[in-house]
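Dear colleague,

Please find below the structure that I am handing over to you, followed by an account of what was found in it.

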Amino acid sequence: MRTPLVLGNWKQNGSLATIADYAAEMAKQALPTTVEAGICPPALYVAAAINALKETKLAVGSQDCSEYSGGAFTGEINAAMISDMGCGYALVGHSERREMFGDTNARVADKFIAVKATDVTPVLCIGESLQDRESEKTFDVVGAQLRAVLEKTGEEGFIGGVIAYEPVWAIGTGLTASPEQAQEVHEFIRGVLAEFGETLKNSTRLLYGGSVNKDNARALFEKPDIDGGLIGGASLKVNDFAAVIQAAG
Ligand SMILES: O=C(CO)COP(=O)(O)O
């Protein structure tokens, strides 16, 4: 049995004031006890978010993690620091990092391994572009992104990690993959995991991300290989995010 997981990725949004309001409103929401949930605010606000969300069910995560363990890497934050602050999760390989900040498959694998070496759960983000999908390369691209990590970690080194499938064409566009399109790729991902071990295949939680909102979440989460979501825009509004978490229960 895989516990559903819903994470909000705030990207470069939020402030001390919005975090305080958000936490106060979230504390009033009845969230299902059967769902794990959290938000990933900008790194600078992790401490404030952890403190503000104490009275809620929400954990806090990091949006990225350095592949290096420490030293002269200006601007970077390592896995030990993310753990030290009390984060439950760290995203690695988000498409915005891959596209705009040069995160290659090899670097993302090293980031995953760095997070996995701590008590923080790594969330490996993978997904194809519109061009990939139109040229029928979805499985090639997603498979290569996933294998780049699995070939370095093996089953043992991956177990406990989470995968978020986020088709790039569905991120922030309002174009959601249909539940059938998402399920098809999730089933493919589980097939790749099976090449590395049955336990890995059965235990790994697979999240869908890309324009998930309170209206489309339930149909996506009902699919057999979709174990929750990674939510961008809709995670910034308490009522919307709470409804998405409820849809996973
Ligand atoms: O990139 C995403 C989450 O990481 C998805 O963003 P949206 O939900 O805003 O499309």
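The UniProt annotation "binding site", from an unreviewed entry, covers N9, W10, K11, G172, S211, G232 and G233; UniProt positions follow the numbering used here, feature names are shortened, and annotations may be inferred rather than shown by experiment. These residues span 225 residues in sequence, yet no two of their C-alpha atoms are more than 13.9 Å apart, so they gather at one spot.

Two remarks on the source are in order. Residues are numbered from 1 along each chain as its sequence is written. The model is predicted: local features need pLDDT of at least 70, side-chain atom pairs count only at pLDDT 80 or more, and totals for chains, interfaces and linings use all residues.

The ligand is surrounded by 14 residues, the closest being N9, I171, S211, G232 and G233 (a residue is near a molecule if its C-beta atom, placed from the backbone, lies within 6 Å of it).

Two of the annotated residues may be described further. N9 lies in strand β1 (residues 5–9); strands are DSSP runs of E with at least two residues, helices are runs of H or I with at least four, and both are numbered from the N terminus. N9 counts as buried because it has 25 C-beta neighbours inside 10 Å (buried means 20 or more other C-beta atoms within 10 Å of the residue's own, exposed 12 or fewer, partly exposed in between, with C-beta atoms placed from the backbone). Leaving aside neighbours within four places in sequence, the contacts of N9 include C40, L91 and G232 (a contact means C-beta atoms, placed from the backbone, within 7 Å).

S211 is placed in the loop between β7 (205–209) and α10 (217–221). With 20 C-beta neighbours inside 10 Å, S211 also counts as buried.

Strand β3 (residues 59–62) contains G61. From β3, A59 and G61 point one way and V60 and S62 the other, and all are buried. In a regular strand the side chains alternate between the two faces of the sheet.

Strand β2 (residues 36–40) runs parallel to β3 and is joined to it by 2 bridges (strands pair if DSSP finds at least two bridges between them). I39 has V60 in β3 as its bridge partner. Likewise, 2 bridges join β3 to the parallel strand β4 (residues 89–92), where A90 stands opposite S62.

With kind regards

Notes
Contact = placed C-beta atoms within 7 Å.
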